[in-house]
Amino acid sequence: MHAKNQKDQNDQKDKGENSTVTEIPAEPLGVAVVGAGYWGPNLVRNFQSSPRFRLRWLCDLDVDRAQRVLGGYSTVQATSDYAAVLADPSVQAVAVATPAGTHLDIALAALRAGKHVLVEKPLAATYADGMRLVDEAQQRGLTLMCDHTYCYTPAVGRIRELVRSGELGEIHFIDSVRINLGLVQKDIDVMWDLAPHDLSILDFILPDNVEPVAVAAHGADPIGAGQACVAYLTLQLNTGAIAHVHVNWLSPTKVRTTMVGGSKRTLIWDDLNPAQRVAIFDRGVDLAAPQEIGADERRDMLVSYRSGDMIAPAIGEKEALRSMVDEFADAIGERRAPLTDGRAGLRVLDILEAASRSLEFRGAVVGLRAGR
């Protein structure tokens with residue numbers, strides 16, 4: 001799952017001289033945002049506030065909407081002509097914030113025009129489409145980044161450090177809940193709407209040698225919406241551990257919690273609790289080795305429980321999108337893969353597609369590409 005791509009990065013460097021990459025000047029990177037709907041304005045705001053970028057264009061089929069997002073005094077150009085955006089030599093990067101079904105065409109055109117590309121989640125509508133984008137970016141030596149925003153929150157960054165440093169020990173289980181009374185989508189089910197957040201976080205925090213190999217999914221449509229409004233995904237990890245994701249559009253209360261249980265400690269992240277987002281518990285189950293106890297005691301004494309302290313590490317506050325924008329700039333400037341690169345987006349798509357197949361077969365376990 002985490003085939004971290006030093007070779008890919010070196011390949012990108014080697015191909016740089018012969019690729020179609022637009023030369024990057026020392027001044028801020030020219031960027032265009034495509035899509036002025038729900039997420040586009042957030043990207044516009046963060047690109048405009050970053051000294052690393054200069055926003056040149058906001059492209060949307062509804063030009064009036066794009067102009068409203070920019071405001072009356074903006075010098076940024078609003079347009080519905082995507083070809084004009086790609087033809088502008090001052091644009092080195094394109095950020096795509098449009099429906100998933102349009103990602104392939106928009107991002108592929110940008111890559112072929114020599115632009116670095118940031119794509120809103122999910123990377124594409126299908127794994128095959130996502131692979132086309134990854135291959136195109138690699139062949140041209142361009143940066144392809146997936147906007148897995150939660151991975152750039154200070155809390156998730158700290159969780160990644162704790163998990164990958166071994167402070168929690170070997171991972172035994174992960175349980176994630178993302179539920180609220182949400183907007184029922186017409187074109188996608190609750191898994192494709194909400195689970196990419198949890199799956200991208202899982203991909204981000206797991207150590208390099210730990211990866212999901214199979215998934216089973218169960219869903220329900222109790223209101224007759226035409227697609228699952230409640231879903232549960234169970235992922236098998238290659239270590240024998242398990243990860244569980246619960247997503248729900250119908251919950252009257254909003255819950256955003258993730259529990260990571262390790263052999264040494266257990267971590268709980270409550271994203272809705274600003275006073276204590278992350279708590280680490282030195283409490284759990286210890287298993288005595290059989291040779292350490294006598295035969296008569298073995299049955300009763302294999303398992304023991306420990307109850308230690310709870311600590312709540314200080315977590316800084318910084319807007320995740322700003323950190324994501326900085327990572328995009330760093331990856332372009334350093335000609336390296338970003339933390340959430342195209343292959344991270346592919347791994348999430350792999351799980352989503354397998355989970356959809358599992359739903360069709362009433363919860364059957366479906367193997368993942370990474371585990372084959």
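**Ground rules.** I'm working from a predicted model, where local features need pLDDT of at least 70, side-chain atom pairs count only at pLDDT 80 or more, and totals for chains, interfaces and linings use all residues. Residues are numbered from 1 along each chain as its sequence is written, and side-chain values use heavy atoms, with hydrogens and water left out.

**Sheet.** I looked up the strand order and got β3-β2-β1-β4-β5-β6, an open sheet of six strands with parallel pairing. Strands here are DSSP E runs of at least two residues, helices H or I runs of at least four, numbered from the N terminus; strands pair if DSSP finds at least two bridges between them. At the edges I found β3 (77–79) and β6 (144–147), each pairing on one side only. Neighbouring strands are turned by 20° against each other on average, direction ignored (axes are lines fitted to C-alpha atoms, for helices over the stretch in contact; angles run from 0 to 180 degrees between N-to-C directions).

**β5 and β6.** I counted four bridges between β5 (residues 116–120) and β6, in the parallel sense. Glu120 has Asp147 in β6 as its bridge partner.

**Helices.** Helix α2 (residues 40–49) packs on the sheet and touches β1, β2, β4, β5 and β6, contact meaning heavy atoms within 4.5 Å. I read about 165° between the directions of α2 and β1. Helix α3 (residues 63–70) also packs on the sheet, touching β2 and β3, at about 155° to β3.

**Phe47.** Beyond its neighbours within four places in sequence, I find Phe47 in contact with residues including Val31, Leu118 and Phe328.
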